[in-house]
Amino acid sequence: MDVLEYPLSFLIIIMCFTYFAWWSLSNKWGKSSSVPINWPVVGMLPGLIRNAHRIHEFTTDILVEYKGTFMFHGPVFANLNMLNTSDPANIHHILSRNFSNYQKGPEFRKIFDILGNGIFNVDYELWEIHRKITMSLLGHAKFQKLLERNMWEVIDNSLRPTFDVFAEQGTVFDLQDIFHRFGFDVISKLLLDHDPKSLSLDLPHVPCEKAFTDASDALLYRHILPEGCWKLLKWLQIGTEKKLSRAWEAFDQYLYPCISRKLEKLMNKTMKDEDFDVFTSYIEAYNQWKDGDLGTLQTFLRDTFLSLIFAGRDTSSTALTWFFWMLSKNPLVEKRIRQEIQQQLHLKEDENLKFFKVEETRKLVYLHGALCETLRFFPPVSIEEKIPLEYDILPSGHRVSPNTRIILSFYTMGRMESIWGKDCLEFKPERWISQRGGIKHEPSFKFPVFNAGPRTCIGKEMTFIQMKLLAATIIYNYQILVEDQIISPSSSIVMQMKHGLKVRLVKRAPLMSN
């Protein structure tokens with residue numbers, strides 16, 4: 001059984017010891033320090049497992065205590081030693097100044113094998129080709145118009161009718177689920193020219209749409225568990241690895257037929273003018289690629305679109321969920337956003353918000369600040385892993401050797417007083433507004449929500465457009481009433497709410513001036 005890296009009996013012994021250590025830690029010692037005990041053989045793994053359900057808070061407690069950088073010692077039998085950092089100087093060094101030394105590497109590709117040769121999973125020349133094509137796509141004038149049209153089609157044909165019925169019936173529903181469905185439908189229409197209609201009144205079960213959440217959960221545990229453990233789970237088809245396998249199957253069953261239909265249109269020359277976008281460019285890139293096996297054309301396109309849909313569905317939907325929860329805790333912020341919408345979009349006192357152009361989203365400065373403040377607290381991608389190719393010394397003074405796993409904690413960065421000041425735990429959209437009333441931009445190594453350096457997210461502007469269009473439409477036309485519930489982030493690569501966000505809706509009357 002070469003798929004198993006270690007004998008099963010040895011793993012059982014280690015798991016038993018881990019449980020004993022966990023039990024001892026829970027019942028015998030009360031510690032003021034957040035740092036887990038470094039046990040013989042198993043290292044700090046017991047403490048990590050004990051806090052796996054609150055991994056983001058656990059990491060933050062340690063990094064705050066250790067001034068931003070901490071070495072986690074894993075079991076001696078596994079490559080689980082990890083240098084965790086939230087130090088902006090280290091972030092800048094790794095993501096920008098010494099970028100060439102910190103590639104994704106084979107370990108990253110092993111963990112994220114489900115993404116294949118997509119843009120998030122490759123290095124060097126293939127990554128540059130992906131980035132060049134996608135930047136050209138996103139910057140094209142026709143793409144901007146297509147984005148605006150698709151957004152409003154889904155809002156008018158799916159979101160609004162569903163929200164109106166929910167408001168009329170007083171239905172309690174999961175707002176996070178709605179945003180996931182919305183994001184999935186919009187990005188599918190953009191990239192695949194296919195509307196899965198996952199957002200409709202009956203909220204149908206669409207396996208591919210739901211598979212993204214299962215995949216995100218499993219991928220985080222691949223970071224936490226020794227490679228041999230998650231490979232064992234994969235071989236046995238249990239736990240998160242079983243969910244990941246099902247997610248993989250759901251992705252393929254959705255993407256391959258969509259790709260085949262698009263290729264058939266291309267061959268028959270029945271594609272519309274706005275379908276210039278991604279297919280032709282990526283087909284040309286595939287045909288020109290000479291270095292390495294990318295598999296079939298369909299496989300390459302599957303990998304490409306899966307990565308882009310992953311980003312398009314999860315980034316904005318996750319941020320908007322946390323955004324509306326933060327508004328429920330800060331009603332004065334919501335009131336000011338409504339006033340800004342009315343003033344900047346020149347709405348009459350008796351008028352509801354039905355449509356506005358992409359260009360007009362730039363006028364909504366306070367809304368932009370509130371979204372940035374939400375992203376500071378809850379970055380959709382909460383961690384990133386890097387591995388150096390050569391020996392290096394970080395600005396913090398820590399030495400790293402080739403194959404050292406470095407975990408960048410973006411979640412922690414938003415909660416550090418040394419970065420954001422003594423009011424770092426306060427929700428203040430004003431910190432993103434300049435003295436002249438414009439948007440204040442922070443350095444990416446201080447606010448790396450959209451990554452930093454050469455790998456800075458090229459979909460940043462598109463994400464803000466989506467969030468502003470949707471947030472403004474909902475805030476101005478509906479009142480979101482958050483139900484009493486326990487709110488916490490999920491243990492996932494994407495920082496979703498663990499149990500969703502249960503809400504009710506009330507249709508608003510037009511905003512009257514005082």
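What follows is a short chat about a sheet, a helix pair and one serine in a predicted model.

Q: What should I know about the model before I start?
A: It is a predicted model, in which local features need pLDDT of at least 70, side-chain atom pairs count only at pLDDT 80 or more, and totals for chains, interfaces and linings use all residues. Residues are numbered from 1 along each chain as its sequence is written, and side-chain values use heavy atoms, with hydrogens and water left out.

Q: In what order do the strands of the open sheet come?
A: The order is β4-β10-β9, with antiparallel pairing. Strands here are DSSP runs of E with at least two residues, helices are runs of H or I with at least four, and both are numbered from the N terminus. Two strands pair if DSSP finds at least two bridges between them.

Q: Which strands stand at the edges?
A: β4 and β9 do; each has a single partner strand, so one side of each is left without a neighbour in the sheet.

Q: How many bridges join β4 to β10?
A: Two bridges join β4 (residues 173-174) to β10 (residues 502-507). D174 is opposite K502 there.

Q: And how many between β9 and β10?
A: Five bridges, with β9 covering residues 478-482. In β10, I480 has L505 opposite, and V482 has V503 as its bridge partner.

Q: Which helix lies across β9 and β10?
A: Helix α18 (residues 460-477) does, at about 90 degrees to β9. Axes are lines fitted to C-alpha atoms, for helices over the stretch in contact, and angles run from 0 to 180 degrees between N-to-C directions.

Q: Switching to helices, how do α13 and α15 cross?
A: The axes of α13 (residues 297-329) and α15 (residues 365-377) come within 9 Å and cross at roughly 105 degrees. The two are therefore roughly perpendicular to each other (65 to 115 degrees).

Q: Which residues make the contact?
A: From α13 they are A319, L320, W322, F323 and M326, and from α15 they are L367, A370, L371, T374, L375 and F377. Contact means heavy atoms within 4.5 Å.

Q: Last one, S158: buried or exposed?
A: S158, in helix α7 (residues 141-169), counts as buried at 12% relative accessibility. Buried means under 20% relative accessible area, exposed over 50%, and partly exposed in between, with a 1.4 Å probe and protein chains only.

Q: What does its side chain reach?
A: The S158 side chain reaches the backbone oxygen of L199 at 3.3 Å. Leaving out residues up to four places away in sequence, S158 touches E153 and L199.

Methods. Angles under 35 degrees count as roughly parallel, over 145 as roughly antiparallel, 65 to 115 as roughly perpendicular and the rest as oblique. A polar contact is a pair of N or O atoms within 3.5 Å; within protein, one must be able to donate a hydrogen and the other to accept it, and residues adjacent in sequence count only if both atoms are side-chain atoms.
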